[in-house]
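Subject: Structure handover

Hello,

Here is the structure you asked about. Please open it alongside these notes.

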There are 2 protein chains.
Amino acid sequence: MKAKSTGLKITKAKKFRVGGRTRLPRAERREMILNQAAEFFSEYGLTGQTRPLAAACGISQRLLYRFFPNKAALTAEVYARTILGPFKGTWLADLTDRERPVAERLTDFYRDYAETVLTRRWLRLFLYSSLAEGDMAPNYIASIITRLLETIVEEVAAEQDVCLPEDVALRHELGWTLHGTVSHMAIRKHLYHASQSVPTDDIIAFHVRSFVAGFKAMVEGAGNPRPGS
Amino acid sequence: MKAKSTGLKITKAKKFRVGGRTRLPRAERREMILNQAAEFFSEYGLTGQTRPLAAACGISQRLLYRFFPNKAALTAEVYARTILGPFKGTWLADLTDRERPVAERLTDFYRDYAETVLTRRWLRLFLYSSLAEGDMAPNYIASIITRLLETIVEEVAAEQDVCLPEDVALRHELGWTLHGTVSHMAIRKHLYHASQSVPTDDIIAFHVRSFVAGFKAMVEGAGNPRPGS
DNA sequence: ATCTTTTGTCGTCAGTTGACGACTTATTTT
DNA sequence: AAAATAAGTCGTCAACTGACGACAAAAGAT
């Protein structure tokens with residue numbers, strides 16, 4: 001009983017070992033835990049327990065506390081990575097490239113956005129933590145999205161030669177019309193067990209078409225209907 | 001110490017008594033608990049504990065178990081009332097009243113819908129239970145909303161003389177364009193601590209305008225672009 | 001007034017859950 | 001090979017949480 005069942009004695013298998021428990025260097029194990037934890041908490045919420053999480057990681061519960069002083073520290077880091085991580089810096093630049101028609105830019109952007117941000121993992125974690133009042137970092141997210149909305153609205157208005165209302169909040173709301181539908185589509189997809197028969201890319205395409213085509217009508221009579229530009 | 005502090009002896013005060021603990025008839029107490037529980041669970045999720053709930057009700061924890069055999073029974077009834085309760089039967093009829101322009105019908109409908117269904121209580125409870133996989137009664141809700149979507153899409157198509165795609169799922173997706181934005185607006189309002197400076201009614205108004213104005217462009221090229229009707 | 005029923009609380013029990021001290025085992029250093 | 005360091009587990013503790021038996025007291029019935 002002292003020897004390994006197979007008796008194999010791998011001397012230089014630095015990384016992973018077959019039998020028994022795997023032993024990883026600190027940084028790798030930490031990474032592995034954070035990744036599993038993101039998956040786990042996005043499924044069960046930030047109130048998910050440490051024991052099931054450890055089981056999902058294939059380690060003992062105690063080991064979690066060798067990497068994080070307490071559960072809050074773990075969830076905080078998971079949140080920061082999963083929620084704030086996937087936002088790309090190139091989006092603003094791509095959206096303002098007036099060489100291309102705005103509908104095309106928007107379709108491209110939202111397809112990318114849906115693929116990288118509006119994933120099951122991101123969405124569920126975001127909703128879980130939004131519901132729990134202790135918002136982890138909503139301001140940062142909010143400011144990023146606000147900037148995107150402003151840009152989108154301005155780009156469409158520029159292409160269609162539409163005069164936007166002065167009120168900033170109102171301009172944001174115009175942008176939310178499109179951003180909201182796309183976000184809500186993701187919610188349907190990842191929360192309600194929707195049929196999923198229409199491909200995401202198609203849905204985004206006609207959300208954009210609808211938005212662009214209805215933009216002028218939407219703005220007129222919205223707030224500052226001062227035609228002039 | 002035997003007598004009440006004031007010494008008052010109200011003989012016929014059937015309902016409520018001032019000092020000490022209030023004593024309610026069974027049905028009333030039950031109602032009161034269910035109402036408080038709806039508020040409580042919508043704030044803290046269905047995993048909220050029975051002791052804080054009892055405290056919010058102003059009763060002992062034990063008393064909850066005089067009305068419900070276990071916590072699951074309580075949450076189930078709260079869910080049924082809060083989520084399934086507020087849907088109105090008149091909506092379908094009102095939406096199909098072709099005497100009035102469809103934009104007007106839609107605006108009226110969504111204002112009512114936002115006021116009665118998309119409340120903080122409803123939305124949070126709905127999201128909490130959607131996130132927890134054990135969907136309480138999603139089928140019933142889904143079928144109601146599906147019917148609304150079909151009606152809305154048909155009404156707009158009829159007014160604009162647009163030919164709808166054959167694919168039912170695709171037709172639903174068209175309706176989700178509007179339903180999604182309005183729903184997402186409610187999410188922003190009740191989950192993210194949004195600024196709230198633009199009145200809900202205004203937002204709904206231009207969501208509807210955008211949808212109606214962009215409808216034709218959205219449908220064309222969506223799926224079955226067979227012009228003919 | 002006395003008895004009965006109904007409404008309500010106290011205290012407690014078993015199973016969880018976050019946290020951590022003490023110990024074991026593998027890898028690296030000397 | 002021995003010592004030192006790093007990776008990992010076992011077992012346990014205190015606080016929490018759903019559930020419930022036993023008891024207290026108010027309201028109604030006789």
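This is a predicted model: local features need pLDDT of at least 70, side-chain atom pairs count only at pLDDT 80 or more; totals for chains, interfaces and linings use all residues.

Residues are numbered from 1 along each chain as its sequence is written, chains are lettered from A and ligands numbered from 1 in the order in which they are written, and side-chain values use heavy atoms, with hydrogens and water left out.

Fold of chain A

Chain A contains 10 helices and 0 strands; helices (H or I, at least four residues) and strands (E, at least two) are DSSP runs, numbered from the N terminus. Of its 229 residues, 44% count as buried. Buried means under 20% relative accessible area, exposed over 50%, and partly exposed in between (1.4 Å probe, protein chains only). Among contacts in chain A with a separation of 6 or more, 71% are between residues 24 or more positions apart, a contact being heavy atoms within 4.5 Å.

Core

The largest nonpolar core has 134 residues. A nonpolar core is a set of buried Ala, Val, Leu, Ile, Met, Phe, Trp, Tyr and Cys residues joined through side-chain atoms within 4.5 Å. A:L106, A:F215, B:L106 and B:F215 have the most contacts inside this core. Setting aside residues up to four places away in sequence, B:L106 touches B:L95, B:I152, B:V156, B:L178, B:V208, B:F211 and B:V212.

Aromatic pairs

Over all chains, there are 26 aromatic pairs. Rings of Phe, Tyr and Trp (its six-membered ring) pair if their centres lie within 6.5 Å; planes under 30 degrees apart count as stacked, over 60 as edge-to-face and the rest as tilted. The A:F40 and A:F41 rings are edge-to-face, because their planes are at 75°, with centres 5.5 Å apart. Both A:F40 and A:F41 are buried. In chain B, the rings of B:F40 and B:Y44 form a tilted pair, because their planes are at 50°, with centres 5.1 Å apart. B:F40 and B:Y44 are 4 residues apart in helix α1 (residues 26-44) of chain B, so about one helical turn separates them. B:F40 is buried at 8% relative accessibility, whereas B:Y44 is partly exposed at 48%. Ring pairs also link a cluster of A:F87, A:W91, A:F109, A:Y110, A:Y113, A:W122, A:F126 and B:Y192.

DNA strand C

DNA strand C is surrounded by 27 residues, the closest being A:R51, A:R62, A:R66, B:R29 and B:S60; a residue is near a strand if one of its heavy atoms lies within 4 Å of it. By class, this surface has 6 nonpolar, 7 polar and 14 charged residues. Here Ala, Val, Leu, Ile, Met, Phe, Trp, Tyr, Cys and Pro count as nonpolar, Asp, Glu, Lys and Arg as charged, and the others, Gly among them, as polar. Phosphate oxygens of DNA strand C lie 2.9 Å from a polar side-chain atom of A:T50 and 2.8 Å from a backbone N or O atom of A:K71.

B:A217

B:A217 is in helix α10 (residues 200-219) of chain B and is partly exposed, at 28% relative accessibility. Apart from neighbours within four places in sequence, B:A217 is in contact with A:R209 and A:A213.

Regards

How values were computed
A polar contact is a pair of N or O atoms within 3.5 Å; within protein, one must be able to donate a hydrogen and the other to accept it, and residues adjacent in sequence count only if both atoms are side-chain atoms.
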